[in-house]
Amino acid sequence: MWGMNLPDIERWSPRVVVVRGQNPGPFTGPGTNCYLVGTGARPFLIDTGSGKPSWLPLLEQALRAELGIEAPGDILVTHVHGDHIGGVADVIARFGPRRVSKMPWPGKDEKHGLELVPIRAGDVFRTEGATLRALHTPGHAQDHICFYLEEERALFTGDVVLGAGTTVIPLDGGDMGQYLASLERMLELELACIYPGHGPKIGDPKGKIREYIEHRRERERQIVDAVRAGASTVERMVERIYVETPRALWPAAGQSVLSHLEKLERERRAARSRDAAGEEHWTLA
C-alpha cells in the first residue's frame, strides 16, 4: 500500500470527500484518509492526519472547491494514534474552536492537550445530509470507533479495515481477540461500502471483512505450525512466516504475532516461559 499513487483530494459520494493527510509511509500507506462528511455548511471532519503542514491547505482547497464553504464543522476522531488525531490542534488554530469527539482512553488522550467530548458506543451524530452512528471496535486500539453513515450504508473503519494491506495489532492497546470480535460485529451491519482510514474505497465490504478474518485465522495457523516446528521466540516466528515482507516491517509483524500468541494463551492453547537470559519462549499447551 505504501507508494500507492492516490489523489490528494477525492469526492467519493455526494456527501463524502476524502483529503489525504500527506503522511505516507510503511505504516500509513499513501497517508491517512481525512473525511469531510455532509452536504451543508458544517460537514463533519473525521480524522485529521498527523498534522503535516502541507495537509491544511489541501483541506481548505477541498472545502472551497468541493463544498463551497470556508471551514469544517465538528471533528470526530476514530482513535488516539497520532496519524489520526495529530492535526486537530492545527484545525482549531486555523478555523477556531469546535467540538472534538472521541472515545476516551485515559492516559493516552491527555498528551494531546485537547478538550475532548466523550463518545460512547451507539452515539449518533447529525449534520445536514449525514447521520453517523458510533460503533466501538477495539482490537487495533482500545478507544477505536468506526462511524456508520446511515444514508449510504457505509462504514468509516479507521484502522480496523484498510483499503489495502492488513492492520497491525500493536502491543500497546491492541488485542487480537477483541479485533476479531470487532470484525465479526461489522459483518452484522448492512453495508454497501467501506471508507477506510488508509487507501482506496472498498466496494465489497463484506468480502473484505471476511478476507481479514480469514487472514487472521491463517496467520494463527502459521504461528501454531511455526511453534510446532521449533520456532519458540517471536523473532524466529516472524523470520519463518514473513519471508516475503520487507525486514523494515518485521518489528510491526512481531507485535501482531505476539498478539496472536497472547490470544492463544488466554484460550489456554499456548504458554510462555523465560530462559536463564530472560528471553521469552512459547510452547503449545
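Helices H6 and H7 are roughly perpendicular to each other (angles of 65 to 115 degrees count as such; under 35 is roughly parallel, over 145 roughly antiparallel, the rest oblique). This is a predicted model, in which local features need pLDDT of at least 70, side-chain atom pairs count only at pLDDT 80 or more, and totals for chains, interfaces and linings use all residues. Residues are numbered from 1 along each chain as its sequence is written, and side-chain values use heavy atoms, leaving out hydrogens and water.

**Helix packing**
- Two packed helices are described by the angle between their axes and the distance between the axes.
- Helix H6 covers residues 234-241 and helix H7 covers residues 250-266. Helices are DSSP runs of H or I with at least four residues, strands are runs of E with at least two, and both are numbered from the N terminus.
- The axes of H6 and H7 come within 9 Å and cross at roughly 110°. Axes are lines fitted to C-alpha atoms, for helices over the stretch in contact, and angles run from 0 to 180 degrees between N-to-C directions.
- From H6, the contact (heavy atoms within 4.5 Å) involves Val234, Met237, Val238 and Glu239.
- From H7, the residues in contact include Trp250, Ala253 and Leu261.

**Aromatic rings**
- The structure holds seven aromatic pairs. Rings of Phe, Tyr and Trp (its six-membered ring) pair if their centres lie within 6.5 Å; planes under 30 degrees apart are stacked, over 60 edge-to-face, and the rest tilted.
- Trp12 and Tyr35 form a tilted pair, 5.9 Å centre to centre with 55° between the planes.
- Trp12 is in strand S1 (residues 9-13) and Tyr35 is in strand S3 (residues 33-37), 23 residues apart.
- Both Trp12 and Tyr35 are buried (under 20% relative accessible area; exposed is over 50%, partly exposed in between; 1.4 Å probe, protein chains only).
- Tyr35 and Phe156 have ring centres 4.9 Å apart and planes at 70°, so this pair is edge-to-face.
- Phe156 lies in strand S11 (residues 154-158) and Tyr35 in S3, so the pair ties together parts 121 residues apart in sequence.
- Phe156 is buried, with a relative accessible area of 1%.
- Trp12, Tyr35, Phe156 and Tyr195 form one aromatic cluster.

**Around Val224**
- Val224 lies in helix H5 (residues 205-228).
- Val224 counts as buried, at 11% relative accessibility.
- Val224 touches Leu264 and Leu284, not counting residues up to four places away in sequence.
- The C-alpha atoms of Val224 and Leu284 are separated by 7.5 Å, and these residues are 60 apart along the chain.
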